[in-house]
Structure formats: C-alpha cells, structure tokens
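Me: I would like to learn how to read features from a protein model. Please take them one at a time, with the general idea before the case.

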Amino acid sequence: MDNDVSAGSAGTTSTLGHLALGLTLLAFGVGNTGVIDNVTAADTAALATWVGGVALFVVGLLEFRAGNGGSGTAFAGLGAFWFTWGTAVGGETSAEAAGLFMLLWALLALTLTAAASGSGVLGQGVYGLLTLALLLGGTAAFAGNEGLAKAGGWVGAVAGLVAWYGATAALAKWPTFTGRAAGRRGVTATG
C-alpha cells in the first residue's frame, strides 16, 4: 500500500474495531453464563478466532498506520488474545493454565483501562469490565468455581454491550455520556 494512500479514517476503523470487540465479548460472555441452552463459551470459538482475533488484529494494524497508537495497541493486543483463545479452546489444557492465561491477559485489559482514562465512561468502561471478566474467569478456572465463571460471563456480556453501544453511537451520532454526540472528529465512542 502506497504511503500516500489513506488506510482509512481513524473513526471508521475504530468503530469497526469496537463492533468486532463488542460482538465477540457478547458471544463469549453469553456462552459463559449458560443462559442459552446448549450454548457454551467453546461454541463461540470460531467467532472469537475470526472476528475477535483476525479482524481486531487487522483493525489494530490499520489504527497503527493511521497514527493511533492507543487504539492500535488495544485492537492488535485484543486480536492476539481472541485468536489465541479461539484456537486453543477445547484443547488439552489444565485448569491452572487456563486460569493463568486469563489472568495474564487481564493485565493487558488493565493497561487499556488506565490508558482510556480520558475517553469517557464508554471507553474506560469496556476495558474495565473486560479486566473484571478476565479476573473472574481466571479465578474461576483456578478455583473450579462455576459460579465465578458465570459471573465473569455476565460481566463480559455487559462489556460487549457497552462496546457495541459505543460503536453504534459513533455511527448513529447518539450520546456517549461525555456531554457530546459521537461521530465528530476527535471524539471516539469507546476510546
């Protein structure tokens, strides 16, 4: 790609990234809650691999190319997380290894939460809820506690809804709880 050719509007790629993150988190969260019969987190592996993994990673690269290091780090990092999780789910892994995986990735989510401090309630909320969901999931794996896993699923589902709303607000120019409507230059829906 020629350097003079735009990689896309930062708002456009960021919105696409938040949609991909929202859908992936929502599916993963709902799968962990057990609220829908015969749907588990493992059933979301394909979505996590391709939408949460590959699509988010590509969006992250586009964000880096557009000069948006924060969004690039968030989307490429989360893309790596979802791709790794999606391709490994259902494999032979100990509960301790699964718990450690979730807790280590919670550190990335915590970093993203801190970095999103100026982005408003939606931006920081998505990453904060993701951090909590990963902490609950990791702790549940270590403790073998299904109740904690379900709680983590609900928190993940809420994070997915917040990311989805933020992206939809950017497209529809709805309120983002920062006192301004989304979709204007310099204002991002969720980070």
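Me: Which residues does T168 touch, not counting residues up to four places away in sequence?

Reply: Note to begin with that this is a predicted model. A contact here means heavy atoms within 4.5 Å. Apart from residues up to four places away in sequence, T168 touches L19, K173 and W174. T168 itself is found in helix 6.

Me: Is T168 buried or exposed?

Reply: The cut-off for buried is under 20% relative accessible area. T168 has a relative accessible area of 16%, so it is buried.

Me: Which other residue has a positive phi although it is not a glycine, and where does it lie?

Reply: N38 is such a residue, with a positive phi of about 65°. N38 lies in the loop between helix 1 and helix 2. Its relative accessible area is 76%, so N38 is exposed.

Me: Let us step back to the overall fold. How many helices and strands does the protein have?

Reply: The count is 6 helices and 0 strands. Read from the N terminus on, the elements run α-α-α-α-α-α.

Me: What share of the residues counts as buried, and what share of the contacts joins residues 24 or more positions apart?

Reply: Burial is expressed over the chain: 41% of the 191 residues count as buried. For the contacts, take those with a separation of 6 or more; residues 24 or more positions apart account for 66% of them.

Me: How many residues are in the largest nonpolar core, and which have the most contacts inside it?

Reply: A core of this kind is a set of buried nonpolar residues joined through side-chain atoms. The largest has 30 residues, and those with the most contacts inside it are L21, L56, L78, W82, Y127 and L134. At least two residues of this core come from each of helix 1, helix 2 (45-65), helix 3 (69-88), helix 4, helix 5 (120-143) and helix 6 (146-172). Helix 3 gives the largest share of this core, 6 residues.

Me: Which residues make the nonpolar surface patch?

Reply: To belong to a patch, a residue needs over 30% relative accessible area. L100, L104, L107, L110 and F142 make a nonpolar surface patch of about 490 Å². The most is given by helix 4 (residues 95-115), with 4 residues. One patch member, L110, lies in helix 4. L110 has a relative accessible area of 48%, so it is partly exposed.

Me: How many salt bridges does a search of the whole structure find?

Reply: The search finds 1 salt bridge. The cut-off is a side-chain nitrogen of Lys or Arg within 4 Å of a carboxyl oxygen of Asp or Glu. E146 and K150 form a salt bridge with their closest N and O atoms 3.7 Å apart. The two are 4 residues apart in helix 6, so they are separated by about one helical turn. E146 is exposed, at 56% relative accessible area, and K150 is partly exposed, at 33%.

Me: Which residues does T33 touch, again not counting residues up to four places away in sequence?

Reply: T33 touches K150, G153 and W154 on that count. T33 lies in helix 1 (residues 10-33). With 4% relative accessibility, T33 counts as buried. The T33 side chain also reaches the backbone nitrogen of V35, at 3.1 Å.

Me: One last case. How far apart are E63 and A74 in sequence and in space?

Reply: Sequence separation and spatial distance are read separately. E63 and A74 are 11 residues apart in sequence, and their C-alpha atoms are 9.6 Å apart in space. E63 belongs to helix 2. Its relative accessible area is 1%, so E63 is buried.

Technical notes. Residues numbered from 1 in each chain as written. Predicted model: local features only at pLDDT ≥ 70, side-chain atom pairs only at ≥ 80, totals over all residues. Heavy atoms only, no water. Patch = residues over 30% accessible without salt bridge, like charges linked within 9 Å, V, L, I, M, F, W, Y side chains within 5 Å. Areas by Shrake-Rupley, 256 points an atom, 1.4 Å probe, with all protein chains shown as cover. Buried < 20%, exposed > 50% of the residue type's maximum accessible area, 1.4 Å probe, protein only. Polar contact = N/O pair within 3.5 Å; in protein donor to acceptor, adjacent residues only side chain to side chain. Core = buried A, V, L, I, M, F, W, Y, C linked by side-chain atoms within 4.5 Å.
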